Amino acid sequence: MEDITAWCRENNTMNVRLWLDDTEHDPNVGDDHGFSPLHWCAKEGHLKLVEMFLSRGARVNATNMGDDIPLHLAAAHGHLEVVQMLIRHRSDVNALNEHGNSPLHYACFWGYTEIAKELINHGSLVSLANKDGDTPLDKAKPALATELHKLAVETGQELRKISFKDQSWSSKTRTKDATLSRFKGINIQDLTLQRKLAISPSGESWRGRWQNNDIVAKILNVRDCTARASRDFNEEFPKLRIFSHPNILPVLGCCNAPPQLIVITQYMPRGSLHELLHSGGGIVVDTAQAVRFAVDIAKGMQFLHSLERIIPEFHLNSYHIMIDDDLTARLNMGDAKFSFQERGRCYQPAWMSPESLLKKRGDRNWEASDMWSFAVCLWELATREIPFADLSPMECGMRIACEGLRLEIPRGTAPYLAKMIRICMNEDPGKRPRFDMIVPILEKMKR
């Protein structure tokens, strides 16, 4: 941790890039005071490094021990371009630290006029009072306060003072303790399992706690946990510790305690995309939100395809996509399939391409098959329906592979989504696009 902190403060772009290229390095790890690398880059005003960390999975609203997010530090130190970039990445302009100060409080106190205007234009409230009862305008010099008051009126703000209310830290996104990223092997005695979340053919998922962290422990379904399976497990699970992308949910560690093999991931309160779409959850997934999820999924798959083809295998479907607190979709590496698990069995055939159901593992075009699976997820997002819900998995797989069973795009589906589904679900695997080709198209849809 000391090295990456020093490199961030020194603006050592080369070493930071090399550090991030190791997928096991977590850009959200915090130092002794909870400062993430992004906090340091924002504080020092290193724009290129800020951009690099945001593109590699740094959480824009992670807090340090004093509840500062990176935007607090950029605003307090006068780095306008960094402030603008953080805002573009959905930084919370009204986040309050332990003193009740928002980023606008600091911009006003230090007289950074352009930063204060930028914050107000993006929704920062001039009427938020800190613990001492002071609003940002109270912290500004008279001329600046008058100018910002006028801007707030022009933008339609309610100017009545909003009293400080103590913020529960549990609602904040803390930087991670460094042990979470460094740790690989977990002693099963240190793991507390609290509630069973799901049972699937690949294993049982439990909500639990480990070292005061909320986690999900997946107990793999392994018929015969031989010494070889235990050895293969130790060799394969580190490949799933992919911390360096915002749309990947990495495996944190494992318990290798035959007959139990357990993978550990971070707990996501919103659950999977499948749960969100088909079991409620209080989130309205309109077309705009569906496109945002599609962009996240495509970016995650693009990143996986940039890596060497890995074992365990990740099969894309809505059960294996988790939704973070900020509605970011993340591919769950804890749902990858290990080599010693049943090779010939297809757990979710409704999302699989016809050729992947017919061909041997070594004869498949994995990238093209993943694109078909993405098209099914896109259909699911567009229709809010479960693909082939009236069929059993076995019947579904047989009919897709042998009888030409295909999803129908219902009338009323947004034309641009319908067109994308058809393109990605081309019967000829060689004519399906790559994820790096469709991400820019989806990004334009999002606007």
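1. **Where H8 meets H10.** On the H8 side, Thr-113, Ala-116, Lys-117, Ile-120 and Asn-121 touch Leu-144, Glu-147, Leu-148, Leu-151 and Ala-152 of H10; contact here means heavy atoms within 4.5 Å. By class, this contact has six nonpolar, two polar and two charged residues. The classes are Ala, Val, Leu, Ile, Met, Phe, Trp, Tyr, Cys and Pro as nonpolar, Asp, Glu, Lys and Arg as charged, and the others, Gly among them, as polar. Helices (H or I, at least four residues) and strands (E, at least two) are DSSP runs, numbered from the N terminus.

2. **Ground rules.** This is a predicted model, where local features need pLDDT of at least 70 and side-chain atom pairs count only at pLDDT 80 or more, while totals for chains, interfaces and linings use all residues. Residues are numbered from 1 along each chain as its sequence is written, and side-chain values use heavy atoms, with hydrogens and water left out.

3. **Geometry of that pair.** Helix H8 (residues 113-121) packs against helix H10 (residues 142-154) at about 20°, and the axes are 10 Å apart. That makes H8 roughly parallel to H10; angles under 35 degrees count as roughly parallel, over 145 as roughly antiparallel, 65 to 115 as roughly perpendicular and the rest as oblique. Axes are lines fitted to C-alpha atoms, for helices over the stretch in contact, with angles running from 0 to 180 degrees between N-to-C directions.

4. After H8 comes Gly-123, with a positive phi near 100°.

5. **The sheet.** Five strands make an open sheet in the order E3-E4-E5-E8-E7, with antiparallel pairing. Strand E3 (192-200) and E7 stand at the edges with a single partner strand each, so one side of each lacks a neighbour in the sheet. From one strand to the next, the twist averages 25°. Two strands pair if DSSP finds at least two bridges between them.

6. Seven bridges link E3 to strand E4 (residues 203-210), and the two form a hairpin with two residues between them. Within this pairing, Ile-199 stands opposite Glu-204 and Thr-192 opposite Arg-209. Eight bridges then join E4 to E5, where Glu-204 has Ile-219 as its bridge partner. E4 and E5 also form a hairpin with two residues between them, and Gln-211 in the turn has a positive phi of about 50°.

7. **E8 and its partners.** Five of the seven residues of strand E8 (residues 260-266) are buried, so E8 is largely enclosed by the rest of the structure. Strand E5 (residues 213-220) runs antiparallel to E8 with five bridges, and Val-216 stands opposite Thr-265. Strand E7 (residues 251-257) is joined to E8 by six bridges, also antiparallel, with Cys-255 partnered by Ile-262. E7 and E8 form a hairpin with two residues between them. Worth a look in the loop between these strands is Pro-259: the peptide bond from Pro-258 to Pro-259 is cis, with omega near 10°.

8. **H12 over the sheet.** Helix H12 (residues 227-236) lies across E5, E7 and E8, running at about 160° to E7. Asp-232 is found in H12. Is Asp-232 buried or exposed? Its relative accessible area is 12%, so Asp-232 is buried. Leaving aside neighbours within four places in sequence, Asp-232 is in contact with Ser-339 and Phe-340.

9. **Two backbone angles to check.** Neither of these is a glycine: Asn-11 has a positive phi of about 65°, and Phe-388 has one of about 50°. Asn-11 sits in the loop between helix H1 (2-10) and helix H2 (13-21) and is partly exposed at 36% relative accessible area. Phe-388 is in the loop between helix H16 (366-383) and helix H17 (393-402), and at 14% relative accessibility Phe-388 counts as buried.

Terms used: Buried < 20%, exposed > 50% of the residue type's maximum accessible area, 1.4 Å probe, protein only.
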